[in-house]
Amino acid sequence: MSKSTSDAYLADYLNEQTLAEKMIPTVGQMYREMGVILTIFGRKLMNSSTIDIIKAHRLGRRMVGENISLEATTEVLGVLQTMNLGVSRVDIGKLAHNFAQLDTNQSLEDYLLGAVAEANHGNISLLAQPQDVVLYGFGRIGRILARLLIERTTAGNKLRLRAIVVRSKGKGDLEKRASLLRRDSIHGPFNGSITVDHENSAIIANGNYIKVIYAGSPEEIDYTEYDIDNALIVDNTGVFKTEEALGRHLVPKGASKVLLTAPAGGNVKNIVYGVNHTDVSLDDTIICAASCTTNAITPVLKVMNDKYGIVNGHVETIHSYTNDQNLIDNYHSAERRGRSAPLNMVLTSTGAAKAVSKALPELQGKLTGNAIRVPTPNVSMAVIKLNLSSSPTRDEINDHVRNIALNSDLHEQIAYSSSTEVVSTDFVGTPEPGIFDSVATIAQDNSCVLYVWYDNEYGYSTQVLRVMREMVGMQIPQVPA
């Protein structure tokens, strides 16, 4: 390689850095003042570094077969900044790509006026008043939800994390809860500042004043004592799983609705956002966001069933170990789960395949499932074997799923991977609940095997947050639609 060629590569990269740096203040301003969440192929730009922004642009090759230039997205961003946008989620990567595909003389300004019409209304908020949120339990999902809620707090996005409810672990409890929010072995440090108000038992995170309430049961709390009212209670404990048990969260003054972040029994609505979220009514007081595995596989199963028809199938979950297993061999009420999680693959059961039918009734009785817990702390995989009504080729299946991931209402639920080198840790922090691994797809006659990765913590939590918004009537416009 000649010196001039080497210099050219470096110059191109430095130019990308310059453009990315110029984006940062605009991204922050549009989010804080207008409530606009700017993304590039689903990856949010708020609070991103210059390197994060450059890497997000590289996703274009995976999604649309080519890199999207920062010059193109910078031009789109410049036009959007002049518009009267309200609370919305705008993907400037997709907008830049779609505009480049137009075979007309339409100007970028005219194209964007049409593309963002639904969000170009100037309303500062989708909710008249801030919506109080209480996290009941503060484990893996609870802390990730806290992070998501805190980083999205603006004048326009009015979901407000007001409190967490936990059982006291004694001296130093408050400081340790704050520390666990501040540092995470898997998802990294908290993006911001966290302080503790010991006198008032509270955590202050990026200006969010979060009361820490110690209670042994839901009934002993009066949320109005903490100036909390009409609250959405998000149960992360998994202890209360029936309608009757979850109803205990509605006993305290100040509580109005409850969302369970685990599978529920009985007639509780199990919602997989993107598939059956329209079943949620503002009158619903008890909702379940299903499980991480159900959220990972149901969108893909819907895509396959709608296009090719599923006769039957089996789902094998390769799942990271969880907190209900033992570090070393010890007693456990469940079969096999007493054996050391970091040392063993543990064959166990899963209700995810059966739970799919609660969101997709047409698959009732068509799926079986098992799970293998493996010695990794996060990111799991579902191996889906299907018998279909038709006989699509491998390329036909991959092309169809890729198009869905890019150009459908399920673009937030299904990510698409075409890399031959990715492994589980590469998907930590992926916001989509399922990542379709196209390289691994197998198709023969009317059968196929599909591989779906999922961050069983972060990807699932983003789905929970979407259900929360649906429960309170906060439906954020997506651009492009």
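1. Strands here are DSSP runs of E with at least two residues, helices are runs of H or I with at least four residues, and both are numbered from the N terminus. Two strands count as paired if DSSP finds at least two bridges between them.

2. The model is predicted: local features need pLDDT of at least 70, side-chain atom pairs count only at pLDDT 80 or more, and totals for chains, interfaces and linings use all residues. Residues are numbered from 1 along each chain as its sequence is written, and side-chain values use heavy atoms, with hydrogens and water left out.

3. Val-90 stands opposite Val-479 in β21.

4. Strand β16 (residues 380-388) is largely enclosed by the rest of the structure, because seven of its nine residues are buried. Buried means under 20% relative accessible area, exposed means over 50%, and partly exposed lies in between (1.4 Å probe, protein chains only).

5. Strand β16 has antiparallel pairing with strand β13 (residues 310-320) over eight bridges. In this pairing, Met-381 of β16 is the bridge partner of Ile-318. Eight bridges also join β16 to strand β20 (residues 447-454), again in the antiparallel sense. There, Ser-380 stands opposite Tyr-454 in β20.

6. The structure holds zero disulfides, a disulfide being a pair of cysteine sulfur atoms within 2.5 Å. For Cys-292, the closest cysteine sulfur is that of Cys-288, at 12 Å, which is too far for a bond. Cys-292 is buried, with a relative accessible area of 15%. Cys-448 is buried as well, its relative accessible area being 1%.

7. On the surface, Leu-10, Tyr-13, Leu-14 and Ile-51 form a nonpolar patch with about 340 Å² of accessible area together. Patches are made of residues with over 30% relative accessible area and no salt bridge; like charges are joined within 9 Å and nonpolar side chains (Val, Leu, Ile, Met, Phe, Trp, Tyr) within 5 Å. A salt bridge is a side-chain nitrogen of Lys or Arg within 4 Å of a carboxyl oxygen of Asp or Glu. Areas come from the Shrake-Rupley method with a 1.4 Å probe, and for residues only the protein chains shown count as cover.

8. Helix α1 (residues 3-34) gives the most to the nonpolar patch, with three residues. Leu-14 lies in helix α1 and is partly exposed, at a relative accessible area of 43%.
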